[in-house]
Amino acid sequence: MEQSSAFRVAAFVALTAGMVLLSFGISGQIFKFGSMVLSSMTASSEISSPTESVPAGSSGMPAAGDPTPSVGGETPVAVGSTPSVGGGTLAAVGSKPLADGPTPAGSAMVLKSAATLRMAGLAPLANGLAALVSLILMAFVLRRWIATQADLRGRFLKTFFLYEALSMAVVVVLFPFFWMLCTSFKPSGQELIINEANPFDIVPNEPTTANFLKVLKWDKPAGAPVEDEIERKKNFSTYFLNSLLVASTAAFLVTLFSSMAGYVFAKKELPYKGYLFALLMGTMMIPGMMYMVPQFFMISKMGLCGSKLAMFLPHLASVFGVFMLKQFMETIPGSLLEAARIDGASEWQLFSIIIVPLSMPILLTLFLLTFLFHWSNFLWQLIVTDFANPLSITLPVGLALFRGQYTSDLGLIMSASCFSIVPIAVLFMIAQRYFIEGMTQGAVKE
Amino acid sequence: MNKNYLPWIFGIFYLFLLAATWNDRVDVNASGRTILQFWHTYNDDEEKLLKEVIAEWEAQPANSNWAIRPIRIPFDGHKPKIRTALTVGLGPDFARVDWSFVCELARKNACVDLETFGFSKISDQYLSAPLNTNRIDGKYYGLPDQTTCVALFYNKTIFRDANLDPEKPPKTWDEFIETAKKLTNSEKGTYGFGMDNTLWWTLPFFNTFGAKLISDDGKKCLLDSEAAVKALEFKASLFSVHKIEAGAWRAGAISPESGFVNGRYAMIFMGPWNLPKFTNSKLDFGVALIPAGPAGSSSNVGGTNAVIFKSSKNPRPCYDFLTFFTSAEIQARWCKRLNQMPVNRKSYDLFSFDDKNLQVFMEQLKTSVSNPIVTSYEMLEDVVNPEMEAVITGQKTAADALGNASRKVEAKVLSL
């Protein structure tokens with residue numbers, strides 16, 4: 001008994017230490033991320049992207065032309081309450097490129113310093129908040145531990161361990177997304193650099209919002225000459241809306257058509273139904289790639305190339321969807337339909353009042369799958385896109401425009417990807433609730 | 001009754017979405033000129049300059065009938081896009097394509113032989129390595145519009161730490177091995193060299209040993225020649241015998257680029273495209289020529305070529321524009337502004353880079369050799385890469401592997 005209680009205390013201490021480490025690490029990164037977003041948003045909103053300032057710098061005068069006034073305007077704001085320290089650092093940053101000669105990076109470095117300085121100023125606050133979170137958690141756990149009776153402490157430890165393990169799993173799952181968010185704030189050239197001192201510290205120390213501004217084409221200063229309509233439309237919000245329309249329309253129509261066909265195959269009598277269905281299933285044996293060229297020929301003969309209709313029209317007939325819905329609808333008891341018929345329900349009412357609500361979970365699953373398919377269907381959308389018309393460019397194709405022959409602008413790709421995961425995350429969150437609701441519907445009779 | 005508002009919310013949202021994206025036509029202001037479509041894959045900075053060049057060309061009195069419309073397509077996927085568009089007659093008049101794509105387009109009879117416009121009169125002005133990626137079965141089907149090659153990048157900080165002179169990078173392969181041994185510290189996880197193991201990245205080895213991979217008539221594969229075997233043996237020995245290479249070519253290993261930026265690999269092969277990136281990362285590095293082998297220093301060639309399609313109704317003005325675009329003056333301006341390598345020899349006299357590293361690439365390009373020209377370069381890579389890997393991992397001898405690769409290439413790739 002003595003031994004095991006000592007062991008319990010040791011386990012508790014070890015678990016608490018792990019928890020403090022974990023919570024300090026996570027909340028530290030999250031607060032640092034928050035301070036980074038804040039400082040980069042407020043400091044660099046007017047500054048044009050670093051890449052654009054490169055030619056100006058390389059032509060001889062590093063601080064010539066447009067960037068200078070904006071830096072001058074930013075400096076007092078950035079320095080804030082500690083003018084002497086801030087000014088000194090800024091001067092040091094500024095003088096380094098001069099000592100090495102006028103390098104292209106010179107002007108870019110000066111531009112970045114406002115956000116960097118502000119972030120450095122916020123660092124103690126972020127660390128303090130992270131420590132506070134860890135302390136509160138530790139106090140909470142300690143209180144619970146003391147309040148727990150001695151014989152229940154084994155169970156307490158088990159739960160504690162479970163929560164900690166689950167938190168670790170959450171970190172592992174969410175890490176790539178967090179990394180993507182962080183990379184999208186990194187200036188060009190620093191995306192691949194790993195922090196030597198702490199490889200888990202992935203929040204950039206020199207944040208910039210230039211990637212987002214560039215992706216959305218908001219990086220043009222107000223006084224710049226107005227570009228033509230086509231150039232203005234070539235931005236990620238256009239691609240995003242296009243993709244949203246294409247994917248949601250396609251998903252809705254596929255679900256509608258598949259549910260109708262599935263209903264007929266599951267519940268209706270029609271001659272040679274079995275053979276017809278087998279024939280339909282047979283087409284699933286042929287790889288989808290084989291259809292691509294004939295479908296492309298048909299679409300271009302119809303003159304639809306470059307329209308949004310072309311993006312999903314050939315994919316509206318989904319054998320997989322029909323199959324999936326038929327299998328589900330067969331499990332709906334036929335007596336339900338008979339009862340409804342006796343009560344005078346029309347065919348349309350049978351379908352819309354009985355079949356559709358009962359198959360909601362599977363319909364939503366099909367909707368989600370189709371949405372995802374069209375949201376990321378690169379190759380087909382690439383070949384039917386009319387690139388002369390940016391209004392026909394969708395998100396996966398737009399993302400590809402950032403990749404060059406040898407180089408990819410990782411910062412731009414990542415900031416664009418941030419937009420592309422939003423609707424999928426939202427859809428999953430909404431659909432998940434309905435999914436569970438549908439699954440448990442009628443499970444219990446009261 | 002519990003009312004479900006969600007479908008309504010979705011419905012209204014969808015209607016807004018439909019209204020926002022309903023219009024999918026953009027009007028281009030007509031100028032009364034005949035439009036020539038140019039599909040390109042330039043990035044933002046390049047596109048801006050391209051438009052300036054186009055405006056200059058259109059302003060010339062001789063070109064008052066033509067308007068060039070540049071259309072950007074993604075580099076990833078430009079091949080399937082062009083293939084499919086050409087089959088239904090929706091292709092452009094001319095396009096900028098990857099150097100390896102010209103051969104397929106030419107052999108499938110899709111692009112125009114430039115001799116129709118008298119290309120031989122001006123072909124001398126182009127650098128031979130990029131130019132020869134356009135030479136298919138003895139004729140030129142495109143002209144180079146942008147070129148690159150790889151050279152040796154080295155980390156000066158690691159050189160200093162190993163008591164080596166950071167201004168004296170290795171000049172020959174023997175010196176290279178000697179230097180890399182001093183730079184390797186496998187306990188700390190730093191290595192003298194990090195390399196890729198695909199064919200394109202191995203071409204510098206083949207070329208410095210004077211190995212030619214495909215015969216001039218395109219009928220025979222010469223991968224099993226003595227020089228090629230020696231080159232591959234040498235490459236494999238860097239990893240297996242001298243232990244100066246980090247194994248960066250392995251799946252899941254730190255890539256050469258990432259290892260170099262983080263100070264793990266002291267030397268890598270890399271092209272000029274990463275110079276701004278490395279400069280931004282505050283790395284202290286230098287660039288040197290590829291170390292010389294039996295055939296001297298040499299490298300591969302990359303970049304893009306411009307081709308004119310047979311489906312174009314007006315190929316002549318397209319050709320005129322391309323020659324204007326690759327003329328010495330325009331190339332000099334383009335390259336100076338964007339830090340790229342000119343394809344035109346005459347541009348070399350017109351400008352020089354302030355950046356010494358870029359100057360090294362200009363030098364390296366003079367000794368670069370054109371890549372193997374086959375109908376499907378991807379397939380060539382697919383056949384050769386596994387064989388090369390078998391040599392490095394010690395499963396096969398270089399002679400065996402390359403003999404095998406040579407037979408497969410002749411059966412699968414050269415028969416296309």
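1. A word on terms before we start: helices here are DSSP runs of H or I at least four residues long, numbered from the N terminus. Keep in mind too that this is a predicted model.

2. Val170(A), Val173(A), Leu174(A), Phe177(A), Ile421(A), Val422(A) and Val426(A) make a nonpolar patch of about 570 Å². Two elements of chain A, α6 (153-183) and α19 (410-440), each give two or more residues to this patch. The top contributor is α6(A), with 4 residues.

3. Leu174(A) sits in helix α6 of chain A. Its relative accessible area is 48%, so it counts as partly exposed.

4. Now for a contrasting residue, Phe33(A). You'll find Phe33(A) in helix α1 of chain A, which covers residues 2-43. At a relative accessible area of 15%, Phe33(A) is buried, because the cut-off for that label is under 20%. Leaving aside residues up to four places away in sequence, Phe33(A) touches Phe178(A), Leu181(A), Cys182(A), Phe185(A) and Val203(A).

5. How do the two chains meet? On the contact count, 53 residues of chain A are in contact with 53 residues of chain B. Together the two chains bury about 4,500 Å², and 61% of that is on carbon and sulfur atoms. On the chain A side, Leu192(A), Gln405(A) and Tyr406(A) lose the most area to chain B, together 14% of what that side buries.

6. Which residues form the salt bridge between the chains? Arg403(A) pairs with Asp76(B), and their closest N and O atoms are 2.6 Å apart.

7. Last stop, helix α9 of chain B (residues 226-240). It has 15 residues, so at 1.5 Å a residue it should span 21 Å; the end C-alpha atoms are 20 Å apart, which agrees. Its buried residues are Ala228(B), Val229(B), Ala231(B), Leu232(B), Phe234(B), Lys235(B), Ala236(B), Ser237(B), Leu238(B) and Phe239(B). Do note Lys235(B) in that list. The cover over the buried residues of α9(B) includes α7 (173-183), β8 (191-194), α8 (199-208), α16 (377-392) and α17 (398-413) of chain B.

How values were computed
Residues numbered from 1 in each chain as written. Chains lettered and ligands numbered in written order. Predicted model: local features only at pLDDT ≥ 70, side-chain atom pairs only at ≥ 80, totals over all residues. Heavy atoms only, no water. Patch = residues over 30% accessible without salt bridge, like charges linked within 9 Å, V, L, I, M, F, W, Y side chains within 5 Å. Areas by Shrake-Rupley, 256 points an atom, 1.4 Å probe, with all protein chains shown as cover. Salt bridge = Lys/Arg side-chain N within 4 Å of Asp/Glu carboxyl O. Buried < 20%, exposed > 50% of the residue type's maximum accessible area, 1.4 Å probe, protein only. Contact = heavy atoms within 4.5 Å. Expected span 1.5 Å × (residues − 1). Buried area = accessible area lost by both parts, 1.4 Å probe.
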